[in-house]
Amino acid sequence: MNKNELKAIVEGLIDTFNIAGRESVELYERGLTIQIKEDKSPVSNGDLRVNELITKKIMGITPNFPIISEETVDLTKKNKEKIFWLIDPIDGTKEYIAGKDEFTLNAALIIDKIPVLGLVGVPKKDRLFFTYSPGESYVIENKITKKINCTKQQPKNTIVALSAIRDKPSDLILNKLKEFKVNSIVKMASSYKFCVIASGEYDIYAADERANEWDYAAGHAVAANAGAIIKTLDGKPFLYGKEDYRNSSLLIKRAENLSV
């Protein structure tokens, strides 16, 4: 697919992401219905409604591309697709249920193991990140669209890392961050971490093997197309389309030189 085709797909999804984001907040305010899935994680009627809205729209735009969503995936079937969508309707469901503001809505198109296109909605922060090609990552905030390119927002020589909000970083991760002379670590939920590295607000995020491909893919697309460097902890390409959807370890850097 060419750049213009990918741009058209993204632009066709922006209104749906805004609508789904508003509905997620409204459903929370009315009082959520919560169930516990087989993996012991919670799912709410908000997750399911967002999934319905995004999936329906994607099916209308790209009817021939399979959709793999956290809420409908059959984990007994191995993924053999070369082109497919990864959807995480609400990443950070526990944060969503708790009324916090870092949960995200996510969709990414994977082509030959690479997330080439992605949207990440952050409804409680009134931010929508999207991308469709290298050098073409954007954020819509307060109805203003701005290109983002990992330009550093922290003071020069101050390097701030991100950490998953519910996990204490392992010794492996802490030692990796020391290699980059990190000054401080901020805890943050969901795929929002990828987006605020893409915007240059933070510098680095490292993680052990955790979560599933749909948790990372949309944010990965936004950050990588903004110029971030994304690999595994041992320097290998971070790829998608694994048969079991499990993520490898992750290292995402705003730039090679994090101090400027």
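Author: Two residues are taken to be in contact when heavy atoms of theirs lie within 4.5 Å. The model is a predicted one, and the part to begin with is glycine 200, which sits in the loop between helix 5 (192-198) and strand 12 (204-207). With its neighbours within four places in sequence left aside, glycine 200 is in contact with Cys150, Thr151, Lys152, Gln153, Gln154 and Arg254. For glutamine 154, the separation from glycine 200 is 46 residues in sequence, while the C-alpha to C-alpha distance is 7.7 Å. Because its relative accessibility is 0%, glycine 200 counts as buried, the cut-off for that word being under 20%.

Helix 4 spans residues 171-179, and its buried residues are Ile173, Lys176 and Leu177. Viewed down the helix axis, these buried residues fall within an arc of 100°, and therefore they line one face of helix 4. An α-helix has 3.6 residues a turn, so residues three or four places apart point the same way. On the face of helix 4 turned away from the buried side are the exposed residues Asp171, Lys178 and Glu179. Lysine 181 follows helix 4 and has a positive phi, near 55°.

Not counting residues up to four places away in sequence, serine 163 touches Pro169, Ile185, Val186, Lys187, Met188, Lys193 and Tyr205.

Most residues other than glycine have a negative phi. Aspartate 112, in the loop between strand 5 (104-111) and strand 6 (114-122), has a positive phi near 50°, and its relative accessibility of 54% is why it counts as exposed. Asparagine 142 lies in the loop between strand 8 (136-141) and strand 9 (144-147), where its phi is likewise positive, at about 55°, although it is not a glycine; asparagine 142 counts as exposed because its relative accessibility is 55%. Lysine 78, placed in the loop between strand 3 (67-69) and strand 4 (83-91), counts as exposed because its relative accessibility is 57%. The C-alpha atoms of lysine 78 and arginine 246 are 11 Å apart, and the two residues are 168 residues apart along the chain.

Finally, there is a helix pair to describe. Helix 1 (residues 3-30) packs with helix 2 (residues 45-61) at an angle of about 165°, the axes being 9 Å apart, which means that helix 1 is roughly antiparallel to helix 2. The crossing of helix 1 with helix 2 is right-handed. Among the residues that make the contact are Ile9, Leu13, Phe17 and Leu27 of helix 1, and Val50, Leu53, Ile54 and Ile61 of helix 2. The residues of this contact between helix 1 and helix 2 divide into 10 nonpolar, five polar and three charged.

Terms used. Residues numbered from 1 in each chain as written. Predicted model: local features only at pLDDT ≥ 70, side-chain atom pairs only at ≥ 80, totals over all residues. Heavy atoms only, no water. Helix = DSSP H or I, 4+ residues; strand = E, 2+ residues; numbered from the N terminus. Buried < 20%, exposed > 50% of the residue type's maximum accessible area, 1.4 Å probe, protein only. Arc of directions from axis to C-beta. Axes fitted to C-alpha atoms, helices over the stretch in contact; angles between N-to-C directions. Parallel < 35°, antiparallel > 145°, perpendicular 65-115°, else oblique. Left-handed = near helix turned anticlockwise from the far one by under 90°. Nonpolar A, V, L, I, M, F, W, Y, C, P; charged D, E, K, R; others polar.
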